[in-house]
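Welcome! Here is a short briefing to read alongside the structure, starting with the whole and moving on to some of its parts.

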Amino acid sequence: MAEVEVRNIRKKFAGGARHVLEDISFKVNDGELVCLLGPSGCGKTTLLRVIAGLETADEGRVLIGGADVTEVTPKDRDIAFVFQSYALYPHLLVRENIAMGLKLRGVPEAECAARVAEAARMLDLGELLERRPAALSGGQRQRVALARSLVRRPKATLLDEPLSNLDAVLRERTRGELRLLFKKAKGTALYVTHDQVEAMTLSDRVVVLDKGRIQQVGTPDDIYHRPANTFVATFLGAPAMSLFKLDEKTTGGIRGEDVELSLTAKEGYEPAKVVLVEPTGPQAVLGLESSFGNLRACWPGSFPRGREQVFIRLPPERLHRFDASSGERLAG
Ligand SMILES: Nc1ncnc2c1ncn2[C@@H]1O[C@H](COP(=O)(O)OP(=O)(O)OP(=O)(O)O)[C@@H](O)[C@H]1O
Ligand SMILES: [Mg+2]
């Protein structure tokens with residue numbers, strides 16, 4: 001396993017109006033799992049393809065294990081890539097699909113079989129090993145593609161939304177197992193997702209990308225509790241952080257779980273109109289109209305039916321402050 005680093009990557013597609021990647025620099029340490037998180041079209045796949053050598057950057061360097069591989073062909077970079085649209089060999093059994101990369105590298109038969117069995121167990125593919133891809137569901141195919149790259153034990157693994165075709169239950173389970181798998185194998189991984197929950201639960205660190213630019217690099221705690229700007233603040237969290245004008249120069253932000261709520265009037269609380277109630281089970285997400293503007297707030301358990309008013313308090317120590325013109329976080 002090895003660290004993966006990109007330095008000052010810039011990329012513009014021929015005919016494109018703007019750079020798809022704009023001065024991207026960060027490092028995935030040896031054995032670390034980093035998520036690349038950002039909305040559709042922000043450049044995630046393009047960046048992975050540049051790291052894998054499938055796409056050439058206009059500027060910048062790619063380093064693997066400290067060696068500059070910018071000019072090295074994809075196959076000589078020893079990186080596994082789990083694609084967003086994965087392709088399996090239709091004429092081969094699942095078992096053979098998973099073992100393919102190992103066979104090509106001359107891994108002995110017994111070792112091959114052991115690694116395939118381990119990956120199959122972790123990804124719950126045991127009963128599917130003797131089938132062909134045509135007889136699998138989309139989610140099952142995705143797990144086979146994942147298994148195929150995991151058994152190779154490359155220097156690093158790049159994964160492009162590898163769980164997007166799984167149902168919610170399987171997705172949550174596979175997510176947990178993937179983390180264990182990478183930790184156990186001490187595997188270096190860069191994992192692309194636009195799902196913030198996936199990024200928060202899987203990562204050692206998260207790189208948040210928007211419009212081809214890095215917005216923040218940090219631990220899941222950092223980006224959630226100390227978002228670097230209003231983009232990161234509102235991209236992470238369900239419900240999203242509410243933003244409002246604090247004064248001419250400052251945008252305020254508060255997370256739904258930080259809004260203090262009461263059904264009765266209280267010292268230091270002010271009235272707010274309930275315009276929306278979204279039950280989620282453990283809590284109800286309220287849409288409120290208040291003197292701060294529109295806010296989202298979390299009510300533990302179920303919210304009393306028919307209630308149209310609550311009283312709110314925004315604890316000053318829970319407020320986030322951003323520069324109103326640049327959107328950058330202000331100290332504190
Ligand atoms: N071959 C190409 N030629 C021209 N433009 C491209 C090409 N590939 C991607 N783009 C553009 O580059 C931008 C980034 O695309 P990319 O596929 O990297 O986004 P993404 O973050 O992976 O999005 P998604 O989450 O939807 O997969 C998009 O605006 C896309 O339209
Ligand atoms: Mg993509």
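Helices (H or I, at least four residues) and strands (E, at least two) are DSSP runs, numbered from the N terminus. By that count, the protein has 8 helices and 18 strands. This is a predicted model, in which local features need pLDDT of at least 70 and side-chain atom pairs count only at pLDDT 80 or more, while totals for chains, interfaces and linings use all residues. Residues are numbered from 1 along each chain as its sequence is written, chains are lettered from A and ligands numbered from 1 in the order in which they are written, and side-chain values use heavy atoms, with hydrogens and water left out.

**Overall picture**
- Taken along the principal axes, the C-alpha atoms fill a box of roughly 75 × 45 × 35 Å.
- The protein has 332 residues, and 48% of them count as buried (under 20% relative accessible area, with a 1.4 Å probe and protein chains only).

**Helix α1**
- Helix α1 spans residues 44–52 and is mostly covered, with 7 of its 9 residues buried.
- Among the buried residues of α1 are Leu47, Leu48, Val50 and Ile51.
- After α1 comes Gly53, which has a positive phi, near 90 degrees.

**Pockets**
- A pocket is an open set of points on a 1 Å grid over the protein atoms alone, where a 1.4 Å probe fits, with protein on both sides within 12 Å along at least five of seven lines; lining residues have an atom within 4 Å of a point.
- The largest pocket has a volume of about 590 Å³, where volume is the space filled by probe spheres set on the points, joined across faces, edges and corners.
- Of its 22 lining residues, Ile79, Phe81, Phe83, Arg105 and Arg152 are the closest to the centre of the largest pocket.
- Two or more lining residues each come from β6 (79–82), α2 (94–104) and α4 (138–150), and β6 gives the largest share, 4 residues.
- The second largest pocket has a volume of about 310 Å³.
- Its lining has 16 residues, and Glu118, Leu150, Arg153, Leu181 and Ala185 lie nearest the centre of this second largest pocket.
- The elements α3 (109–122) and α5 (168–185) each give two or more residues to that lining.

**Helix packing**
- α2 and α3 pack at an angle of about 130 degrees, with their axes 10 Å apart (axes are lines fitted to C-alpha atoms over the stretch in contact, and angles run from 0 to 180 degrees between N-to-C directions).
- The two helices α2 and α3 are therefore oblique to each other, as angles under 35 degrees count as roughly parallel, over 145 as roughly antiparallel, 65 to 115 as roughly perpendicular and the rest as oblique.

Definitions and conventions: Buried means under 20% relative accessible area, exposed over 50%, partly exposed in between (1.4 Å probe, protein chains only).
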